[in-house]
Amino acid sequence: MLAALLDFLREKHRTTPTWLKVLIPVLGVGSLGVVAVLGAVLAFIVTAWLGQPIPVLGFDQTIEQPIPFSHTIHAGTGVYENSLGDQVQGLGMDCTFCHRTVTTQANAGIPPVQFCAYCHQVIGKNESEPLTQIRMSAGIIGDNPQPINWKRVHRMPDHVRFVHEPHVRYLLDHPQAITGTSTGTNIGAASVCSTCHGDVASMKGTVTQVEPLKMGQCVNCHRDNNAPTDCASCHH
Amino acid sequence: MTLQREKRDYSWGMVVDVDKCTGCQACVLACQAENNVPLNLQDRFERARAMQWIRVERYWEGEFPDVKARFIPIMCQHCENAPCEPVCPVFATYHNNEGLNVQVYNRCVGTRYCANGCPYIVRFFNYWEPVWPEAFRNHLNPDVTVRSRGIMEKCSFCVQRIRRGVRNAERDGRKVVDGEIQTACTQACPTDALVFGNFNDEDSKVSKMKKDDRHYTLLPHLATDPNVVYLAQIDTDRSAGESHG
C-alpha cells in the first residue's frame, strides 16, 4: 500500500514540469496571504461598523488643533504641566462657561477668541507660544487679528439633526441617566457632557472622539430614557 | 377605514381656504427657501422633473372675456392611509403617530415606487445632484438635510419647525400653543389661505375651519384620508345667477 503510494508520488515528481513545481507552493503561500489581507479588511470593516475604526491608514481620530488648547488645565481639577513646563493647578471650569450655547441651542459652540482674551490678556506668561497666538488673534498683540481655525472633532453625518439643548436639559434633570464619568467638576455640566464626549477634562493634548456616536448608541439611550425613537425626531 | 393609532397630543394638519388663494406663489418660494429645494431651471420644467414641494395649480374657467383663473395650492396631503407608504421596500417613508407622512432620506434607496403610488404627484425624485450657484452657498437652511442624488423627497410639513416648536414647549413644560408652529408656506401666505395646526386640539384654528361646510379633501374616492383639508371656493357669480351680468 505504502509502496504503491510512494511509486505514485515518484512518478508524479518525474512527470511534473519544473515551472509547475515552483508555481504550486507560490500559489499556496500567496493564497494564504490573500486570506490574511481579506481577514484584516473584514476585521477593519466590522470594527468600524460597530464602533470606531482601528487607527490605521489615516483613520486616526486624533485631530491636530491650530493652537494646543489644554482642556485639562481649564476643566480638570488636578495639577498639570503647561506648555512652558510649569506646574499649574487645574481650574475646574464648567464646560458651559466657554461652550455657552450648549444649554440653549443646537450647537455647543466654540467661544470667540475675544472670550479667551477676557482672561488671557492678563493671565499667563508672555513667553507662552499658544497664548501669544491667542493674543494676536484677539488683537491685543499686533494689528492683524485673524480668527482661529479650530478643527471640528465630533461631527454628525449630514442627515442627522442633533440638538444639544434637550439632551443637556434632560441629563441635568435626570442624573441617573448619565453614563459617563468626569474627573472635572462632577456637579453641573461636566458629567453630563461626558456621557457622549468622554472625560474631556482629563484629555491631555487634543480632544479625541471616544464614543462611536453611531445610531445604535443614540437609539439605545433613547429607548432607555423613554425618549422619542421616531425617525423624524433626528432625520429631517 | 382609518388605522387606529396611539393617541398623541398632536395631530398635525393643514387647512387650505381656496377662496382666499390669490395664486401669488409666495408659499412656493418660501418652501424652496426653507427646505433647501434645488433650483428649478427651465430644462427641469421642460423635462417634467421640476421639484416643488408645494405648487399652485391654475385652472382657467370660461371663455374670454368672461374668463376666471382658479388656483389651488397642492402639497403632500400627509394621508392617513397613504398609498406611498406600503410600497416602500425599505420603510423610508412611514406614518408617524403625529399624523406626518415622514420621508427618511438616509433610508431611501431610490426605487421611486412611492412617487408612482402617489395620486397627488407631490413626491419628487432627485435625478441629479442638486447644485446651487456660489452665491447661495450660505443660504441653505442648516436645519434641513440637503438631499443628494438618487433619493425621494417631498413636503415634510416643515418637520424641523415642528420639532423646534415642540422642543421649546417641552422646555417650558407646556403644550404647543395654537399658531406657535407655522410652516414656511403658512407663514408666507399673505391672505392666510394656508393654516397649519393641531387637529387633536378642538379649539385650534384648523379644527374650527375643518368644521366649515365648504370642506373637502382631494380625490376622496381613493380613501386616502388626507391631513390637508381644502375649503371650497365661494362662487359668487354662480350663486347670483345671470343677474350678476
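This note goes through the two chains of a predicted model, point by point.

1. **Basis.** The model is predicted, so local features need pLDDT of at least 70 and side-chain atom pairs count only at pLDDT 80 or more, while totals for chains, interfaces and linings use all residues. Residues are numbered from 1 along each chain as its sequence is written, chains are lettered from A and ligands numbered from 1 in the order in which they are written, and side-chain values use heavy atoms, with hydrogens and water left out.

2. Chain A holds 9 helices and 2 strands. Helices (H or I, at least four residues) and strands (E, at least two) are DSSP runs, numbered from the N terminus. The order from the N terminus is α-α-α-β-β-α-α-α-α-α-α. Chain A is more spread out than a compact globule, because its radius of gyration is 28 Å, well over the 18 Å that the globule rule gives for 236 residues. That radius is taken over C-alpha atoms, and the rule is 2.2 Å times the number of residues to the power 0.38. The C-alpha box, along the principal axes, is roughly 95 × 50 × 35 Å.

3. **Chain A, domains.** The assignment gives domain 1 (16-49) and domain 2 (71-110 + 150-233). Such bounds come from an automatic or database domain assignment. The C-alpha centres of the two domains of chain A lie 44 Å apart.

4. **A:Val35.** This residue sits in helix H2 (residues 18-50) of chain A. Is A:Val35 buried or exposed? A:Val35 is exposed, at 55% relative accessible area. The cut-offs are under 20% for buried and over 50% for exposed, with partly exposed in between (1.4 Å probe, protein chains only). A:Val35 and A:Ala201 are 166 residues apart in sequence, and their C-alpha atoms are 43 Å apart in space.

5. **Chain A, burial, contacts and surface.** Of 236 residues in chain A, 30% count as buried. Contact means heavy atoms within 4.5 Å. Among contacts in chain A between residues at least 6 apart in sequence, 47% join residues at least 24 apart. The accessible surface of chain A is about 15,400 Å², with 65% belonging to carbon and sulfur atoms. Areas come from the Shrake-Rupley method with a 1.4 Å probe; for residues, only the protein chains shown count as cover.

6. **Chain B, overall.** Chain B has 7 helices and 10 strands. Its radius of gyration is 19 Å, close to the 18 Å that the globule rule gives for 245 residues, so chain B is as compact as a globular protein of that length. Its C-alpha atoms fill a box of roughly 60 × 45 × 35 Å along the principal axes. Buried residues make up 48% of the 245 in chain B. For contacts in chain B between residues at least 6 apart in sequence, 64% join residues at least 24 apart. The accessible surface of chain B is about 13,000 Å², and 51% of it belongs to carbon and sulfur atoms.

7. **Helix H1 of chain B.** Helix H1 (residues 26-34) buries B:Cys27, B:Val28, B:Ala30, B:Cys31, B:Gln32 and B:Glu34. Their cover includes strand S2 (54-61), helix H4 (159-171), helix H5 (184-188) and strand S8 (194-198) of chain B. B:Asn36 follows H1(B), with a positive phi near 55°.

8. **Backbone points to check in chain B.** Most residues other than glycine have a negative phi, and most peptide bonds are trans. A cis peptide bond joins B:Phe64 and B:Pro65, with omega about 10°. B:Pro65 is in the loop between S2 and strand S3 (68-75) of chain B. B:Phe91 has a positive phi, near 55°. B:Phe91 lies in the loop between S3 and strand S4 (93-95) of chain B and is exposed, at 58% relative accessibility. B:Cys158 has a positive phi of about 50°. B:Cys158 lies in the loop between strand S7 (152-153) and H4 of chain B and is buried, at 5% relative accessible area.

9. **B:Cys108.** This residue lies in the loop between strand S5 (101-103) and helix H3 (113-117) of chain B. B:Cys108 is buried, with a relative accessible area of 15%. Which residues does B:Cys108 touch, not counting residues up to four places away in sequence? They are B:Val90, B:Ala92, B:Gln103, B:Ile151 and B:Met152. B:Cys108 and B:Phe91 are 17 residues apart along the chain, with their C-alpha atoms separated by 7.9 Å.
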